[in-house]
Amino acid sequence: MNQMSHKLPRTVLELISLTLHFFARLFPKAALITVFLYLPYFALQNFTGASSQSIPLSAQAIEQAAQQIQTYESGENSPLPAPILPSPANIFMSILALLAAVIHTGSLSFLTESYLLHGEAKQWFEPLSRTFLSLHTLILTGLLTYFLLIGWSLLFIIPGIIFMVYYAFSIYAAVLRGFFPWKAVNYSKEVVKGAWWKTFFSLAALTGIFILMRIAAHFIFMILRVPLEAIGVFPLMTFI
């Protein structure tokens with residue numbers, strides 16, 4: 001049996017501390033994995049002009065549906081506008097984004113596990129190769145979890161939240177234990193059973209950290225970008 005090189009956290013504060021420690025230690029290799037997966041994606045996105053963002057599209061579709069209902073109720077016979085559908089390029093980029101996210105999650109899971117068990121992380125390409133070998137299981141597990149959560153959410157938001165926590169470790173069970181989709185979902189539920197509230201608050205705390213880090217990164221980017229643009233005007237004037 002593998003001996004863990006790190007003490008497992010018992011409180012949310014210990015979890016946050018261990019997460020930040022792992023982040024600092026694994027950042028160089030995790031960054032290489034991220035660049036390897038997402039740099040081609042963003043290059044292709046910029047080259048094609050396609051987008052994987054569907055939120056504005058969904059908002060337009062909802063607004064259009066509301067207008068159609070209002071027209072129908074008022075008895076007007078005006079023609080209905082054509083439905084707003086995503087372009088094939090946007091659909092393709094959305095599929096690529098989901099695929100990159102699945103591979104990214106699996107690779108970082110392998111990377112973190114090796115550090116947790118052995119005290120050192122593998123080379124950045126090894127987690128990628130292991131993830132590609134189990135990619136079909138990850139995709140099927142992700143789809144099963146997604147449709148199960150949709151089903152529970154149809155019973156109002158509370159069951160959706162409850163089972164979202166229960167299924168939080170499904171992907172990790174599939175990638176790290178090699179479980180097939182249904183077994184991975186049940187394994188995640190068994191792990192969380194009896195510790196639902198602890199899991200919920202731990203996930204909420206980690207989500208809070210991610211949000212704060214994203215805000216901090218955006219703030220740092222603005223600090224660097226705005227002065228650079230302002231200063232760059234003067235060399236530009238002499239160049240022109």
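Guide: Gladly! Helices (H or I, at least four residues) and strands (E, at least two) are DSSP runs, numbered from the N terminus. Just after helix 3, Gly119 has a positive phi of about 80 degrees. Please keep in mind that this is a predicted model, in which local features need pLDDT of at least 70 and side-chain atom pairs count only at pLDDT 80 or more, while totals for chains, interfaces and linings use all residues. Residues are numbered from 1 along each chain as its sequence is written, and side-chain values use heavy atoms, with hydrogens and water left out.

Visitor: How many helices and strands does the chain have?

Guide: The chain has nine helices and zero strands. From the N terminus on, its elements read α-α-α-α-α-α-α-α-α.

Visitor: What does pLDDT say about the chain as a whole, and which elements have the lowest and the highest mean?

Guide: pLDDT is the predictor's confidence in each residue, from 0 to 100. The chain has a mean of 77, with 73% of its residues at 70 or more. Over residues 54–59 the value stays under 50. Where pLDDT is low, the predicted coordinates should not be read in detail.

Visitor: How do you know whether helix 3 reaches its expected span?

Guide: The expected span is 1.5 Å times one less than the number of residues. Helix 3 (residues 88–118) has 31 residues and covers 45 Å from first to last C-alpha, close to the 45 Å expected.

Visitor: And what makes helix 1 fall short of a straight helix?

Guide: Helix 1 (residues 12–48) has 37 residues, yet its end C-alpha atoms are only 44 Å apart, short of the 54 Å a straight helix would reach. There is also a bend, meaning the angle between axes fitted to the seven residues ending at a position and the seven starting there. In helix 1 that angle is about 65 degrees at Phe27, and Pro28 follows within four residues. Just after helix 1, Gly49 takes a positive phi of about 75 degrees.

Visitor: Why is Ser114 called buried?

Guide: Buried means under 20% relative accessible area, exposed over 50%, and partly exposed in between (1.4 Å probe, protein chains only). Ser114, in helix 3, has 3% relative accessibility, so it counts as buried. Across the 240 residues of the chain, 27% are buried, and in helix 1 the buried residues include Leu15, Phe22 and Tyr41.

Visitor: Is Ser202 buried or exposed, and which residues is it in contact with?

Guide: Ser202 has a relative accessible area of 13%, so it is buried. Contact means heavy atoms within 4.5 Å. Beyond its neighbours within four places in sequence, Ser202 touches Val12 and Leu15.

Visitor: What makes Arg177 and Glu113 a salt bridge?

Guide: A salt bridge is a side-chain nitrogen of Lys or Arg within 4 Å of a carboxyl oxygen of Asp or Glu. Arg177 and Glu113 meet at 3.3 Å, N to O. This pair links distant parts of the chain, with Arg177 in helix 7 (residues 170–177) and Glu113 in helix 3, 64 residues apart. Arg177 has a relative accessible area of 48%, so it is partly exposed, whereas Glu113, at 18%, is buried. The structure holds two salt bridges; Lys193 and Glu190 form one, with their closest N and O atoms 3.2 Å apart.

Visitor: Why is Phe180 called exposed?

Guide: Phe180 sits in the loop between helix 7 and helix 8. Its relative accessibility is 58%, so it counts as exposed. Even so, leaving aside neighbours within four places in sequence, Phe180 is in contact with Thr137 and Thr141.
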